[in-house]
Amino acid sequence: MNESIANIRLNYSKKTLLETDVKSNPIEQFGIWWNEAIKAELSEVNAMTLATASADGVPAARIVLLKNVTPDGFTFYTNYNSFKGQQLAENPKACLVFFWKELERQVRITGLVSKTSEADSNEYFYSRPVGSQIGANISAQSTVIPNRRVLETAYQQMEEGAKNNPTMVTRPEHWGGYIVKPVTVEFWQGRPSRLHDRLQYSLQTDGSWLIERLAP
């Protein structure tokens, strides 16, 4: 098994990433790559790895879904009481990673994290399917439960109640958005012989971005 794993490799050769071709702002550059990923009809194009760490440095990572990009940063939504929510409360920094393998591209964003406004959280929450709204209410995310039936029973009870009173399904206080405000953004483009292109944007004190090439 180990020998077969070591032999897995792909020679990347689809595109290039040169300093002369990129925008001066990483959000704008992300927008270009995002549009190309959408055009390529990638599956789960908004799936991203979210890495967090507790105050004592213990890391954790999981896949979440990007829900908005603005000049301020990258937004996702979750349960504030979840394990990632607890880590972000202790250490409000995170790293996001997008890997679009069909385009041989990766984007890595490191930044400071804060909660979105209640208005933004409400707007997104009520745009979700009712089933997802119920799920957010009945799941004490990341806590130990005795079995799946506990979830199914709680879901069915709220679903039945909502049939007679749709307004009972509201956004719980423990659920909402986070925005990752980037400090560094790295764009990675696969190249032949592992001589990949890596351009890193670093936020400067005057609000501008320094673009530097990193060795692959």
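The legends below describe a predicted model of one protein chain, as a whole and in close-up.

Residues are numbered from 1 along the chain as its sequence is written. In this predicted model, local features need pLDDT of at least 70 and side-chain atom pairs count only at pLDDT 80 or more, while totals for chains, interfaces and linings use all residues; side-chain values use heavy atoms, with hydrogens and water left out.

Figure 1. Helices (H or I, at least four residues) and strands (E, at least two) are DSSP runs, numbered from the N terminus. The C-alpha trace spans about 60 × 50 × 40 Å along its principal axes. Of the 216 residues, 37% are buried; buried means under 20% relative accessible area, exposed over 50%, and partly exposed in between (1.4 Å probe, protein chains only).

**Figure 2. The largest nonpolar core, made of 31 residues.** Such a core is a set of buried Ala, Val, Leu, Ile, Met, Phe, Trp, Tyr and Cys residues joined through side-chain atoms within 4.5 Å. F30, F76, F98, W100, V107, I109 and F187 touch the most other members. At least two core residues come from each of α2 (26–39), β1 (47–53), β4 (73–79), β5 (93–100), β6 (105–115), β7 (175–189) and β8 (197–203). In soluble globular proteins, nonpolar side chains tend to be buried together.

**Figure 3. The surroundings of W100.** Contact means heavy atoms within 4.5 Å. Not counting residues up to four places away in sequence, W100 touches F30, W33, W34, A37, L42, V45, R105 and V107.

**Figure 4. T70 in strand β3.** This strand covers residues 68–70. T70 counts as partly exposed because its relative accessibility is 24%. Leaving aside neighbours within four places in sequence, T70 is in contact with I27 and I179. K181 lies 111 residues from T70 along the chain, and their C-alpha atoms are separated by 9.6 Å.

**Figure 5. S193 in the loop between β7 and β8.** With a relative accessible area of 58%, S193 is exposed. The C-alpha atoms of S193 and N11 are separated by 6.5 Å, although the two residues are 182 residues apart along the chain.

**Figure 6. Residues 175–216, a segment annotated in UniProt.** The unreviewed entry places the feature "domain: Pyridoxine 5'-phosphate oxidase dimerisation C-terminal" here. UniProt positions are given in the numbering used here, feature names are shortened, and annotations may be inferred rather than shown by experiment. Over this segment the chain is 0% helix and 64% strand, with its end C-alpha atoms 39 Å apart.
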